[in-house]
Amino acid sequence: MSRPEDHLPPDLFYNDAESRKYTTSSRIQHIQSSMTHRALSLLSLSSPSLILDIGCGSGLSGSILSSVAPEDGGPHVWIGLDISESMLGVALEREVEGDLFLADAGQGVPFRPGTFDAAISISAVQWLCNAESSEESAQGRLTRFFNGLYASLRRGGRAVCQFYPRNEEQKRMVSSAAIRAGFGAGLLEDDPGTKSAKTYLVLTVGGGELAGDITGVVEGLDDVDVVDGRRGGGKVKRGERKGGKAWIIRKKEQMERKGKVVKPNSKYTGRKRKIAF
Amino acid sequence: MKLLTLNFLTCARRACKSSADAFPLHPRDVELEIVEAEPNPSFLSNILPRLEWPALVTLCAELGLPGLPGEAPEVAELTAGEDGKGGKLAEDLHRLLLETTVKEGALVCGSCGHEYRVKEGIANFLLPSHLV
Ligand SMILES: C[S@@+](CC[C@H](N)C(=O)[O-])C[C@H]1O[C@@H](n2cnc3c(N)ncnc32)[C@H](O)[C@@H]1O
Ligand SMILES: [Zn+2]
């Protein structure tokens, strides 16, 4: 796959023509929407929240935050940062509800401490792994971004960044910058090893009423079967792979018979994923 | 940009991080616009305790908007009244925080004097690299 960040800085790549093409492509709309929903489910917000959207672009991700129904804990109010004027221009035309800032996330996050309940970033953080000038390093940009993000979230807050890491090395570079900033961090992968692999960096800020450590987040996932995970043991039936979908569903049935509450099966049940750290 | 957002926004310069004057930013030559929005009472209740009330009072004064009470209201007041909708207080806060927006003008840091331009509601927070 060709990586646009290898060729141009983001504000030049996302020019007027590209921003329009990006926003009107039904394929892209579909992918960005499903990733935003996935990120939202990882945030598990139960009431209307103030959310930062980093690299909000033309507002494809943000519009979804505005349209969460009251019975699902919405609608949320969001503030978006983006480095491309053209993308923000398209967002204006679309009359998105969030407030928009022309800003470079690699320069930090200009909000007072504890501002946001949560943050999302959909398909943007890989851009931060490039230095845009000789005066700065990718490492420095990531550090300023994650330090700023950490401070701007309230205690117990969460952030989910879906991004396209170039390789394992870049995954490590991004997540260790987040951890150094103070976050609890986990990497979650949907469909790893396939063409549609998606990487989500799930970040938690300790304190507050939400479980701040990453195990808390994993327990909160609507599709991770917490019952089987770390305890191990038990028999694996023939034709089932331990941890596979069939195995998980059988385990869930067992637990349900014992009167335990288990998460309903979803299309994510038993999907391949990896949680590091 | 909603006035709500201005209650959280600070100067982006690192040199201003520890300065008490880098918040709130001060409006200069701004044009306001009312953009109607659906009331979102649970959001208001969520955000009210997080507001920096004195900064909001200052902002209203600087913009020439009708005065606010000197003390922040309690969250319970937002759900007071016969219908549980908080009456005029909830309406006023909704109007002020979520419907009153800065359309054009600038926001100025009280510490370093940097001026952030606002055009069509979008504030430019890109810093030249020597100011980062
Ligand atoms: C693939 S688009 C995603 C936009 C939006 N989140 C969505 O889901 O449609 C990536 C966006 O990240 C923005 N971006 C890249 N580097 C950035 C930076 N350093 N600061 C802020 N935004 C950046 C780009 O301008 C672009 O709009
Ligand atoms: Zn300043």
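Is B:Arg50 buried or exposed? Select B:Arg50 to find out: with a relative accessibility of 14%, B:Arg50 counts as buried. Buried means under 20% relative accessible area, exposed over 50%, and partly exposed in between (1.4 Å probe, protein chains only).

**Before you go on**

This is a predicted model, in which local features need pLDDT of at least 70 and side-chain atom pairs count only at pLDDT 80 or more, while totals for chains, interfaces and linings use all residues. Residues are numbered from 1 along each chain as its sequence is written, chains are lettered from A and ligands numbered from 1 in the order in which they are written, and side-chain values use heavy atoms, with hydrogens and water left out.

**Stop 1: a link between chains**

A salt bridge is a side-chain nitrogen of Lys or Arg within 4 Å of a carboxyl oxygen of Asp or Glu. Helices (H or I, at least four residues) and strands (E, at least two) are DSSP runs, numbered from the N terminus.

A:Asp117 lies in strand β4 (residues 116-122) and A:Arg154 in strand β5 (residues 153-163), both of chain A, so the pair ties together parts that are 37 residues apart in sequence. A:Asp117 is buried, at 3% relative accessibility. Shared partners join A:Asp117, A:Arg154 and B:Arg50 into one network of salt bridges.

**Stop 2: one helix turn**

Select A:Lys21 and A:Glu18. A salt bridge joins their side chains (3.5 Å, N to O). Both lie in helix α2 (residues 16-24) of chain A, three residues apart, about one turn of the helix. A:Lys21 is exposed at 56% relative accessible area, but A:Glu18 counts as buried at 18%. Over all chains, the structure holds 16 salt bridges.

**Stop 3: ligand 1**

Select ligand 1, then show A:Ser61. An N or O atom in the A:Ser61 side chain is 3.1 Å from a nitrogen atom of the ligand. Next, show A:Ala105. One of its backbone N or O atoms lies 2.9 Å from a nitrogen atom of ligand 1. Finish with A:Arg141, where a polar side-chain atom is 3.4 Å from a ligand nitrogen.

Methods: A polar contact is a pair of N or O atoms within 3.5 Å; within protein, one must be able to donate a hydrogen and the other to accept it, and residues adjacent in sequence count only if both atoms are side-chain atoms.
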